[in-house]
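Visitor: I'd like to learn how to read a structure like this one. Could you walk me through it?

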Amino acid sequence: MDSETRLQQTIHAWLKQKLGTGYDFAWIHQAAPVGPHERPALYWTAFPSAQRSLPSSALVKLIQGVFDRHKDHSFFLLRQRIWTTAALSEMDRGMVKLTAKRARQIQEETGLFKGIEEIEEHVVAEPEALFFESSLLQPAPPLPEALFKDEREIKAYLENLQAQVPRGDVLHDYNRPIAAMLVGPDRRALALSLHQGSINKTLHAEVCLCQDWARAGRDALIPEGSRLFIGLKPCQMCAAMISHLSRDVLDFRVIYLQDDPGPLAQGTTLQRDGRQISWSELEPELS
Ligand SMILES: [Zn+2]
């Protein structure tokens with residue numbers, strides 16, 4: 001075993017000693033000084049292992065928390081390897097791909113814990129929390145009350161909402177005009193969200209929607225026959241989270257209004273499973 005792996009196993013043992021069993025852990029060990037830190041630092045969080053069906057995880061909380069609470073050096077931190085004790089799900093891999101660099105699952109430690117010295121500890125998100133709770137998150141727009149009469153009306157509603165997103169001067173420093181809306185089988189709006197990536201790179205409209213939905217205690221179950229309308233073709237991170245949340249819903253489809261030809265929107269879980277369709281493919285099907 002190399003010394004790097006041994007160090008990470010020691011960290012795992014240390015975290016387990018703090019919280020006991022029943023948790024997945026995720027952390028970044030920052031060996032070289034970053035920002036104001038002169039000592040090696042550990043950024044960590046945990047996640048209750050029994051809740052793995054939710055659109056969250058130790059790794060998701062860690063990345064979301066680093067962007068939120070350690071924004072100034074998030075770029076440096078997320079270039080380090082992320083260690084986690086749970087098997088990496090597609091959702092985890094999607095978020096790493098979009099916002100970080102690399103992640104690895106650590107195997108169960110076997111050695112005795114001998115203590116860690118000289119480490120600066122940062123709890124990035126509360127271990128018991130199911131989701132990272134951002135203080136910067138804007139509330140979702142209010143849900144339209146009336147039922148939509150058809151898909152074209154849903155599209156127009158989404159486009160109108162997107163057109164109202166103010167555009168800033170600096171690239172990457174404003175929220176992109178992208179909305180996502182979950183519509184039930186009777187064409188009632190069930191959930192609605194806007195892109196909030198300017199404050200936290202993980203907060204694409206779809207991530208906000210999935211997490212809000214699960215956060216609101218709806219048992220994370222999306223009704224059969226629901227459709228998720230999105231302004232732009234979902235990226236790998238969002239597709240994997242949508243798939244994670246909707247995996248047991250047989251009749252569920254994602255409809256996106258604009259294509260995204262970029263590499264991060266190709267080969268996604270939704271594409272692979274045939275669960276998404278573009279507006280231009282859908283339109284001929286409409287009466
Ligand atoms: Zn996305």
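This is a predicted model: local features need pLDDT of at least 70, side-chain atom pairs count only at pLDDT 80 or more; totals for chains, interfaces and linings use all residues.

Visitor: Is L228 buried or exposed?

Guide: Buried means under 20% relative accessible area, exposed means over 50%, and partly exposed is in between, using a 1.4 Å probe and protein chains only. L228 has a relative accessible area of 3%, so L228 is buried. From L228 to H195 there are 33 residues in sequence and 15 Å in space, C-alpha to C-alpha.

Visitor: Which residues coordinate the zinc ion?

Guide: Donors are N, O and S atoms within 2.8 Å of the metal (3.2 Å for Na, K and Ca), and because water is not among the atoms, sites may look incomplete. In this model H204 (ND1), C235 (SG) and C238 (SG) coordinate the zinc ion, at 2.1 to 2.3 Å. Along the sequence, the spacing of these donor residues is H-x30-C-x2-C.

Visitor: Why do H204 and C238 count as buried?

Guide: H204 is buried because its relative accessible area is 17%. C238 is buried too, because its relative accessibility is 0%.

Visitor: How many aromatic pairs does the structure hold?

Guide: A pair of aromatic rings is described by the distance of the centres and the angle of the planes. Rings of Phe, Tyr and Trp (its six-membered ring) pair if their centres lie within 6.5 Å; planes under 30 degrees apart are stacked, over 60 edge-to-face, and the rest tilted. The structure holds 3 such pairs. One of them is F25 with W44: the ring centres are 6.4 Å apart and the planes at 55°, so the pair is tilted. F25 in strand 1 (residues 23-30) and W44 in strand 2 (residues 41-48) are 19 residues apart, so to speak distant parts of the chain linked by the pair. F25 is buried at 0% relative accessible area, and W44 is buried at 3%. Another pair is F75 with F76, whose ring centres are 5.5 Å apart and whose planes are at 80°, so the pair is edge-to-face. F75 is exposed, at 53% relative accessibility, and F76 is partly exposed, with 44% relative accessible area.

Visitor: What lies over the face of W14?

Guide: A charge sits over a ring if NZ of Lys or CZ of Arg is within 6 Å of the ring centre and within 35 degrees of the ring normal. Here K18 is over the face of W14, 4.7 Å from the ring centre.

Visitor: How many cavities of 30 Å³ or more does the count come to?

Guide: On a 1 Å grid over the protein atoms alone, a cavity is a set of points where a 1.4 Å probe fits but cannot get out; a pocket is an open set with protein on both sides within 12 Å along at least five of seven lines, and lining residues have an atom within 4 Å of a point. Grid points are joined across faces, edges and corners, and a volume is the space filled by probe spheres set on the points. The count is 1 cavity of 30 Å³ or more. The largest cavity holds about 80 Å³ of space, and its lining residues include Q64, F132 and R215. Helix 6 gives the most to that lining, with 4 residues.

Visitor: How many residues line the second largest pocket?

Guide: This pocket has a lining of 17 residues, and Q138, N175, L194, H195 and Q196 lie nearest its centre. About 250 Å³ of space lies in the second largest pocket. For classes, Ala, Val, Leu, Ile, Met, Phe, Trp, Tyr, Cys and Pro count as nonpolar, Asp, Glu, Lys and Arg as charged, and the others, Gly among them, as polar. The lining of the second largest pocket has 10 nonpolar, 6 polar and 1 charged.

Visitor: What is the phi of R187?

Guide: Most residues other than glycine have a negative phi. For R187, phi is near 65°, a positive value in a residue other than glycine. R187 is in the loop between strand 6 (179-183) and strand 7.

Note on methods
Residues are numbered from 1 along each chain as its sequence is written. Side-chain values use heavy atoms; hydrogens and water are left out. Helices (H or I, at least four residues) and strands (E, at least two) are DSSP runs, numbered from the N terminus.
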